[in-house]
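Please work through the following dialogue on reading charged side-chain pairs.

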Amino acid sequence: MANPVSDPSRATVQTAAAHPQPRLAVRFPGLVRRLPWLVLAVLALFPLLAPLGGLEYYVGFVRRLLIVAIAAASLNFILGYGGMAALGHAGFVGVGAYTVVALVDAGFSSAWLAWGAALLAAGLCAALIGAVSLRTRGVYFIMITLAFAQMLYYLAVSLRTYGGDDGYGLYTPLAMGAWLDGAHPDVFYWVVLGIAALVFAAFGRVAHSRFGYALRGIRDNETRMAALGYPVYRLKLAGFAAAGAVAGLAGGLLASHNAFVSPAIMHWTQSALLLVMVMLGGLGRRWGAPLGVALWLTLEEMLKLYTDYWHWPLGLLLLLVVFRAPQGLAALFERRDGHGGAR
Amino acid sequence: MDAIFVFEQLLNGLGYGLMLFLIAAGLTLVFGIMDTMNLAHGSLYMAGAYVAARVHEASASFALAVLVAVLVTVAVAALLEVLVVRHLYRRDHLVQVLATFGIILIADDAVKAIWGVAPLMASTPAALAGPVQLIDGLPYPAYRLLLIGAGLLVALGLYLLVSRTRVGMLVRAGASNRQMAEYMGVRVGGVFAFVFALGAALAALAGALMAPISAVQIGMGEAILIPALVVIVIGGIGSIRGAFVAALLVGLVDTAGRAFLPPALRAVLPPSVAADLGPALAGIAMYVLMAAVLTLKPAGLFPARA
């Protein structure tokens, strides 16, 4: 049971209450197993097929969706597997984005350099913040990660060199080397898709590694893991820093995608949104994050077409999920033996 | 920077701190007693501000506006408690975050539908529009004095309610050990509903009082929520006394940071660096305070739970 921020007495209540039977997975085991490859193939072909249906606009939309999914997957890793309820993840996304801005402002133009630096800078930042925050527990951890993210936010607001509140425009696309045309939107799309696939494959691997199992053990019973001789604090810190680094990478990609960076991307509601999307998809489930992000952003996009009042249906959806599907959407796709999901 | 300027800023900080206390008091009780993380508390503050601004405009009576704002908000909160919050008490904190974030989204759209997107300009009551000569050379807005007086009065009332009455005793029992209180025969359901309504009333009062000196707009609830959360974490979750001390601390630190840090930095640093750094440090000050308190006292200044 994912029960990151509560006491053991609640865990028993939840275990008894919620264990829906995975329906889809029982009926179509083969389909569910191959689904990720199928989705990847469809996504790879999408830029070629989109013009046939007049859907060119949605290539950019899917690209944004993939980038947000990378950030959400990193949050799912520490929250779902590690039990660390961080409410400041957008802060690391922002660090990544502003790293790209700083490099572009200094005259660099290589995408790989900028994104690599975004990854490193956010990872370093997460290691420092995690070193302090991980000494607290429960609600206090939620609050202290939020506090650090707010500090980063105000720092970004005050950086007038990079536009302060107004943000910073990245007018020329970054160069992606000799073979890739960085200015071509479809090429950028495929690069993002490739990076997203790598990130998801890596998180899938790590979840089933010794490190991943150790993290889950810590989530379920920290005291016992410490008694077994696991370096609990160091393992959590490693997970937190890795997740921060991946969020930074997503931030770097987001900066390129929007061709614009402003402090708004690290506002606390963005951190809350990431949390919401991850929980919507299914906490600690391999495909939870991309499912949640896809559903949320698609609904948002569609609702915006029809009405100015597109917030409240999403709010209603959250209440429905809380009361009707507390395990998230990904639980529907799980096989009974538990190998389809992550736990 | 003379003594009068410092004194004026201290008064501003006191006023801001007291308003923060009104919001944080409800939040800390709901959190401490029901173990429920209610992000939508800021939405109740917003509701109070909007209703007060519109009623004041229509009736020209500020007292009536505040009263109606509090009553309407309490009614909305009661509905919210029955429909949603009541079913969240025993759930995970993260689930509570999810659900109450959903309420924020719905509330923001509801306000947009009723009052539109443009911020409302709430006017100061005419009788209090002018300044008061506090001491020689310090005219201070009368309305801000009312804010301080009302804040202190409510804080005193809340203190008496919690420490001197039977209901207050039940509230304290719930905050220090909810399960034991249940075993002792306290009807927690009723206490919960009372505390939630009380919190809503205080938030609405803060919203109504803050309306004339802040922008009444969508998102104001989310903006005030974070400082209020900082206050209850510093004070110790569930402790009214802690919330009071922490609210004054945060109010003073925040105001002092904005007033004194930029000029102080300008005195020692080159102007271009100071211009960037000053506002940043001022904005960060309260979070640094929180991080420092949590490092020294991980459960806040006045832990409510034994």
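**Reading salt bridges**

Q: As what does Glu222(A) count at 25% relative accessibility?

A: Glu222(A), at 25% relative accessibility, counts as partly exposed; buried means under 20% relative accessible area, exposed over 50%, and partly exposed in between (1.4 Å probe, protein chains only). The model is predicted, so local features need pLDDT of at least 70 and side-chain atom pairs pLDDT 80 or more, totals for chains, interfaces and linings use all residues, and side-chain values use heavy atoms without hydrogens or water. Residues are numbered from 1 along each chain as its sequence is written, with chains lettered from A and ligands numbered from 1 in the order written.

Q: With which residue does Glu222(A) form a salt bridge?

A: Side chains of opposite charge can pair when their charged atoms come close. A salt bridge has a side-chain nitrogen of Lys or Arg within 4 Å of a carboxyl oxygen of Asp or Glu. The partner of Glu222(A) is Arg137(A), with the closest N and O atoms 2.9 Å apart. Arg137(A) is in the loop between helices H6 (111–133) and H7 (138–158) of chain A and Glu222(A) in helix H10 (residues 222–227), so the pair ties together parts 85 residues apart in sequence. Arg137(A), at 45% relative accessibility, is partly exposed.

Q: Where do Asp254(B) and Arg258(B) lie?

A: Helices are DSSP runs (H or I, at least four residues), numbered from the N terminus. Both residues lie in helix H10 (residues 240–268) of chain B, four residues apart, about one turn of the helix. Asp254(B) is buried at 6% relative accessibility, whereas Arg258(B) is partly exposed at 45%.

Terms used:
Helix = DSSP H or I, 4+ residues; strand = E, 2+ residues; numbered from the N terminus.
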